[in-house]
Amino acid sequence: MKFGVCITAAPAPAFLDHTAIVEIARQAETWGYDSVFLTDHYMTPNYVETYAVLPFLSYLAAVTSTMKLGTVVTPIPFRPPGMLAKMISTMDVLSSGRIILGIGAGWCQSEFEAYSQWDEDKIRVKKTVEGLKLMLRLWHEEEVDFNGEYYQAKGAVLEPKPIQKPHPPLWFGTVGEYMLKLTARYGDGWLPWCTTTPELYEEKAQILRSEAMKWGRQDKITYAGVIGQITAAELGHFKRHPRVIKWAETVEKYVQAGCEYALLYFHPYEYLKLMKKFTDDILPSF
């Protein structure tokens with residue numbers, strides 16, 4: 001069982017400022033966590049003050065040395081996929097091969113309308129598939145010509161290539177039927193959000209395993225998941241995210257459901273304190 005930490009709210013300075021996030025990453029690495037993941041938003045209906053996560057992860061690469069650095073998750077249709085491929089490649093080089101790219105189709109209409117282009121669900125999923133195909137070609141090929149329905153490239157050369165081969169791991173954050181099929185075909189990991197109950201996790205994991213077998217990839221996918229928000233009874237919680245106060249019991253339920261890599265989402269107001277208690281009291285049991 002592996003454990004990473006997840007910092008949500010984009011991360012938003014109102015919850016954790018940049019100095020606190022840097023300290024969390026440093027301490028998580030010192031305390032033996034495998035990774036730190038940041039949610040990737042410019043704005044949502046719940047908060048508008050955010051840090052841009054991709055450059056933030058590049059900064060964290062400079063202040064850590066071994067832990068993985070990931071997004072949970074990056075909506076592929078939000079940015080031009082060729083530019084995203086270039087950014088991720090550079091981040092992988094700067095981190096000496098520690099980047100994990102979380103993948104989704106996006107959900108926040110107001111964010112897309114403010115910074116990108118919003119499309120109906122079907123189109124965003126199609127853009128995700130096409131954008132991912134372009135990114136993979138840019139990471140693998142010397143020169144790319146691409147003429148898709150939504151994206152084009154002529155004579156595109158992406159150098160330097162990512163450190164990780166064949167490319168940085170792709171972890172899909174989804175429970176949708178079609179996106180699970182994409183995970184089975186292209187994914188190196190599955191990373192559903194904390195609103196996925198252990199019961200739903202087990203159901204969707206079985207579907208994913210069945211789909212992965214069709215591609216001979218049943219052993220290629222890391223079954224991860226965001227656990228939290230992990231808090232204490234006296235702190236309360238943000239009501240849109242499920243509260244976890246029985247820490248070991250909750251993690252064990254996800255393990256029994258098939259999870260092998262837990263991302264721990266601690267209450268941001270006491271993040272370091274709660275993470276230290278989890279490290280001391282719970283981590284040795286797993």
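How many nonpolar, polar and charged residues does the lining of the second largest pocket have, by class? The points below take this up after a word on the kind of model.

1. The model is predicted. The remarks that follow should be read with that in mind.

2. The second largest pocket has a volume of about 200 Å³. It is lined by 16 residues, and those closest to its centre are Pro 198, Arg 243, Val 244, Thr 250 and Tyr 254. By class, the lining has 7 nonpolar, 5 polar and 4 charged residues. At least two lining residues come from each of H7, E10 and H8, and H8 gives the most, with 3 residues.

3. For the largest pocket, the volume is about 780 Å³. Its lining comprises 33 residues, and His 41, Val 73, Trp 107, Gly 173 and Trp 193 lie nearest its centre. The split by class is 15 nonpolar, 13 polar and 5 charged. Helix H4 (109–115) and helix H5 (121–140) each supply at least two residues of this lining; H5 gives the most, with 3 residues.

4. Helix H9 spans residues 271–281, and its residues Tyr 271, Leu 274, Met 275, Phe 278 and Thr 279 are buried. Viewed down the axis of H9, the buried residues fall within an arc of 140°, so they line one face of the helix. The elements that cover them include strand E1 (2–7), helix H1 (18–30), strand E10 (222–230), helix H8 (247–257) and strand E11 (261–266).

5. Glu 211 deserves a look as a charged residue. Its place is in helix H7 (residues 198–214). With a relative accessible area of 14%, Glu 211 is buried, because the cut-off for that label is under 20%. Apart from neighbours within four places in sequence, Glu 211 is in contact with Lys 181 and Ala 184.

6. On cysteines, the structure holds 0 disulfides. Cys 108 is in none, and the nearest cysteine sulfur, that of Cys 194, is 16 Å away. Cys 108 is buried, at a relative accessible area of 1%. Cys 194 is likewise in no disulfide; for Cys 194 the nearest cysteine sulfur is that of Cys 6, 7.7 Å away. A disulfide requires the two sulfur atoms to be within 2.5 Å. Cys 194 is also buried, with a relative accessible area of 2%.

7. One runs from Glu 159 to Pro 160, with omega near -5°. Pro 160 sits in the loop between strand E7 (152–156) and strand E8 (170–172). The other runs from Gly 228 to Gln 229, with omega near 20°, and Gln 229 lies in strand E10.

8. Ser 96 has phi near 60°, a positive value in a residue other than glycine. Is Ser 96 buried or exposed? At 59% relative accessibility, Ser 96 counts as exposed. Ser 96 is found in the loop between helix H3 (81–94) and strand E5 (99–104).

Definitions and conventions: Residues numbered from 1 in each chain as written. Predicted model: local features only at pLDDT ≥ 70, side-chain atom pairs only at ≥ 80, totals over all residues. Heavy atoms only, no water. Buried < 20%, exposed > 50% of the residue type's maximum accessible area, 1.4 Å probe, protein only. Helix = DSSP H or I, 4+ residues; strand = E, 2+ residues; numbered from the N terminus. Arc of directions from axis to C-beta. Contact = heavy atoms within 4.5 Å. 1 Å grid on protein atoms, 1.4 Å probe; cavity = no way out; pocket = protein on both sides within 12 Å on 5 of 7 lines; lining within 4 Å. Points joined across faces, edges and corners; volume = space filled by probe spheres on them.
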